[in-house]
Amino acid sequence: MNAHFDAIADGLAEHGYAVIEQFLSQPEVDAILQLEQFRQTGQFKKAGIGNSQSLQIREQIRGDLIQWLDRDTAPEPVQLYLDRIHELIGFLNRALFLSLKDAEIHFTIYPPGAYYKRHLDQFKQDDHRKLSVICYLNYDWQEEHGGQLRMYLDDKTMDVLPRAGTLVCFRSDQIEHEVLPATRERLSITGWILDREAALKHLS
Ligand code: OGA
Ligand code: MN
């Protein structure tokens, strides 16, 4: 695990992002995919875009469904992941002299065809999101399924396939990115590491 944390710290320091394969092992991904929560899509809601846009405009920007997670009440396989992200916070604070405090994290489903247009994760009116952290949960994902995370770097773009166990971490204030439409349902756990305590999103 420490090798993963080291690679994340190095990637962030050098390039503003890191891509880590097998951050979650196959048994860890299996345990998450077996949860009821991922089969009862009625518990998911349409994601917003940070301000009060109309439904129609929002759906032209992003089409994913989300369910906020809470460290105290999440089922064990999810808690394991959330605990690891909190360990990562401590590690990055020490390694990169940051003062990260907490994380806000949700399950995410992109139905086939859904996408998220190019954007930055830090809102103009709220700069507490410092790092974006996404872990993918899709087995046997091939290039032709689409669904890439496309990051816009200084002189190139970088695509990541949403393969089970892969984690991407990037600076929320710097890296513009988008999610390309896929031919399959695309599952992930999406989160942001904050420089303050997280609000109780699951109550909203
Ligand atoms: C987001 C986002 C990327 C992905 O939720 O803000 O950009 O690969 N997600 O799911
Ligand atoms: Mn984003």
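Predicted model: local features only at pLDDT ≥ 70, side-chain atom pairs only at ≥ 80, totals over all residues.

Residues are numbered from 1 along each chain as its sequence is written, chains are lettered from A and ligands numbered from 1 in the order in which they are written, and side-chain values use heavy atoms, with hydrogens and water left out.

**Exercise 1.** Find which residues coordinate the manganese ion (ligand 2).

*Solution.* Step one: look for donors (N, O and S atoms within 2.8 Å of the metal, or 3.2 Å for Na, K and Ca; water is not among the atoms, so sites may look incomplete). His119 (NE2), Asp121 (OD) and His177 (NE2) coordinate the ion at 2.0 to 2.2 Å.
Step two: along the chain, the donors have the spacing H-x1-D-x55-H. Aspartate 121 sits in the loop between strand E5 (116-119) and strand E6 (129-136), while histidine 177 is in strand E10 (residues 176-179), 56 residues apart. Strands here are DSSP runs of at least two residues and helices (H or I) runs of at least four, numbered from the N terminus.

**Exercise 2.** Find which polar side-chain atoms lie by an oxygen atom of ligand 1, among them that of aspartate 121.

*Solution.* Step one: use the cut-off for a polar contact (a pair of N or O atoms within 3.5 Å; within protein, one must be able to donate a hydrogen and the other to accept it, and residues adjacent in sequence count only if both atoms are side-chain atoms).
Step two: read the distances to a ligand oxygen:
- arginine 186, 2.8 Å
- aspartate 121, 3.1 Å
- histidine 119, 3.2 Å

**Exercise 3.** Work out why serine 132 counts as buried, and which side chains it contacts.

*Solution.* Step one: serine 132 lies in strand E6. Step two: serine 132 counts as buried because its relative accessibility is 1%. Step three: its side chain makes a polar contact of 2.9 Å with the side chain of serine 172, and another of 3.4 Å joins serine 132 to the side chain of tryptophan 192.

Methods:
Buried < 20%, exposed > 50% of the residue type's maximum accessible area, 1.4 Å probe, protein only.
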